[in-house]
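Visitor: Please show me the structure. I would like to ask about it piece by piece.

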Amino acid sequence: MKFQKISVALFLAGKSIQRGNRFTFILTVTIMALVFVNLVFLPSIISGVVVNFNTQSIDYSFGNLIIEPREKQVVITNVYSLKRKLDQIPEVIGSSPRTQIGATYRYKDNTQSGPLIALSPKSDMEVTKIGTKVKEGYFLEDTDTDSIVLGTTLTGNQDSRLDKSDSLGGPQVGERISVTFSNGVTRDLVVKGILDSGVYNVDLAGYVTTREMEQVLGVKDEASSILVKMRENGKEEYYKNLLMQYGVQEKVRTYKEKAGGFVNDAVTAFEIINTISTGVSLVIATVVTFIVIFINTVNKRRQIGILKAIGINKRVIVYSYVLQVLVIATCGTILGLALAGLLVMYLNINPLIFPGGAVYPVVEPGPFIRSTISLYLVSIISGFIPSYNTANEPILEAIRGPA
Amino acid sequence: MINATDISRVYRMGLVEVHALSGVSFDIGKGEFVGIVGASGSGKSTLLHILGLLDLPTSGFLSINGIDVSAMNDDERTEFRLNNLGYVFQDYALVQELTVLENVSLPAMMRGTPRDEYLHKSEELLNQVGLIHRMHHRQYELSGGEQQRVAIARSLINSPTLLFADEPCANLDTKSSRNILELFQKLNAELSQTIIMVTHEEWHEAYMCRVLVLTDGKVADQRACKR
């Protein structure tokens, strides 16, 4: 008998979808699809922002891990030996010692203070991607002296209205700028290249070779930090312990720990926005879907009364409406998936530009599964409640409407 | 077949109680074609709804085929309607999204009749009501008389012991009404189908065996018809 009921419910649901009002069906499916897109889209952008933060941090600012001086020490000493040790660890792709100081840049009448980073270009290219982001001129080479690569924000434009912040007023590749190091030594350096990574902090600095910095500061075999690129992203905690197991006694921090406040605060803020937005979207989705399906089902009140009058069991009637909304939910999910896919495809070609760089949507299984389940749940409830209520109404009231 | 004892039905309209039926009692035997007649508001449709298990009496006892149906719950009444009763509504009450054949077959599907069997029987009934050529048509493609004949075929698909008809000719012209009544008469005469029909047209009585006359919710008269 149970099979019989399901078979009749399937028959009624199938005929209702096949021969019912096409416009209502398409409208309901479209609404559900848009609800689905709404549920999936914003989380995918927020995931994209988080991924962007992480990728930018690893690729342009910190690598996966940052080795810093031991407690009570200002610099890392015996850098070459430590770098050799790091490079022998199988999971390490490369390591880049860096020395960062504060400097004063001068070009014509413009003076600007900012970070000056010394690096070994060849090593750094194994860790970060800044060497690939030179928009004008060339990146540094290990043997360079008397040369500097400037971040695009620090460089700025001759027309200051185009600048995002205070700048040097647009020195060109090949021109000289004056740089005063932290020890007071001033040197005129040739602008070899202008770097545009899209990461604010990276583009705000100047870059010289370690050789240049060592000559000016009179130090050797020292660095303020060593950036380390590991084989896989996302396993930083494991790698941190691995480095310590290999006898690295300096302070080892993951890029997340290093970025600390900024990235974590941003990610937390976005996660809160995401949670609130998803919650609100879900409520809207529930209400909209419920209203659309509810009205559709209530409009068939007379039909439900007739079915019951001719001896169709009320469970069969309810099953048939729930089956109909399941079909609608499935079509809505498929259409929503296609629309979301098109939107994601479009944004992959035309990414959103955030201060941290280009953001590409990232569709994660979590929001996708959550949206699908929500849509089905809402649909089932919206199909069940009105059909159950009507099927339990007195037959004559259902057929004629209440007195 | 039907034993109705002291059936009453009271509606509440705001603060006012409307006594649609007051202590109605009668018996109907197998193979009878009984008409329920009376003026508008006399309670004839209410009585038919109660006999057809579409409505519940406020008080009284009703048995059909020796079964006390007044004690049944909603699911039991639905099951009983499916297996024992056929019902023809004034406004046909066909399922819009189904074809003629599907409308007729639906109660048999619900009953679990094998597909071949119910299709054969549906076609046979549609042949009987003269609509075999319209079996793949939808409700909106049929005239009122044709829709009513589909409703009659549907009411007969599960071979009900009782057939109820609530002013089945109310929306039809005289010719169509005559066709319907002749069909009922034929079912009654040839298959001994028990039929209870509400009507307000006196000339319909010519097709019936007996008439219950309702006045103000009470059986005022019972008379045999000249058939």
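Visitor: Why does Gln172(A) count as partly exposed?

Guide: This is a predicted model, where local features need pLDDT of at least 70, side-chain atom pairs count only at pLDDT 80 or more, and totals for chains, interfaces and linings use all residues. Residues are numbered from 1 along each chain as its sequence is written, chains are lettered from A and ligands numbered from 1 in the order in which they are written, and side-chain values use heavy atoms, with hydrogens and water left out. Buried means under 20% relative accessible area, exposed over 50%, and partly exposed in between (1.4 Å probe, protein chains only). Gln172(A) counts as partly exposed because its relative accessibility is 39%.

Visitor: Which residues is Gln172(A) in contact with, leaving aside its neighbours within four places in sequence?

Guide: Gln172(A) sits in the loop between helix H5 (152-155) and strand E7 (176-180) of chain A. Helices (H or I, at least four residues) and strands (E, at least two) are DSSP runs, numbered from the N terminus. Contact means heavy atoms within 4.5 Å. Beyond those neighbours within four places, the partners are Glu136(A), Gln158(A) and Val191(A).

Visitor: What separates the C-alpha atoms of Gln172(A) and Glu136(A)?

Guide: Along the chain, the two residues are 36 residues apart. Their C-alpha atoms are separated by 8.7 Å.

Visitor: What is the area buried between chain A and chain B?

Guide: The contact takes 29 residues from chain A and 25 residues from chain B. Buried area is the accessible area (1.4 Å probe) that two parts lose on being put together, summed over both. Carbon and sulfur atoms give 61% of it, and the total is about 2,600 Å².

Visitor: Which side chain meets that of Lys308(A) in a salt bridge?

Guide: A salt bridge is a side-chain nitrogen of Lys or Arg within 4 Å of a carboxyl oxygen of Asp or Glu. Across the interface of chain A and chain B, the rule finds eight salt bridges. In one of them, at 2.9 Å from N to O, the partner of Lys308(A) is Asp74(B).

Visitor: Which element gives the largest share of the side of chain A that touches chain B?

Guide: Four elements of chain A give two or more residues to that side: helix H1 (2-19), helix H10 (301-309), helix H11 (314-349) and helix H13 (395-400). The largest share is eight residues, and it comes from H1(A).

Visitor: Is strand E8 of chain B mostly covered or mostly open?

Guide: The strand spans residues 194-199 of chain B. Thr194(B), Ile196(B) and Val198(B) point one way, Ile195(B), Met197(B) and Thr199(B) the other, and all are buried. With six of its six residues buried, E8(B) is mostly covered.

Visitor: Which residue in E8(B) is the bridge partner of Phe164(B)?

Guide: Two strands pair if DSSP finds at least two bridges between them. Strand E7 (residues 162-166) of chain B pairs with E8(B) in the parallel sense over five bridges. Strand E3 (residues 33-38) of chain B also runs parallel to E8(B), joined by five bridges. There, Ile36(B) stands opposite Val198(B), while the partner of Phe164(B) is Ile196(B).
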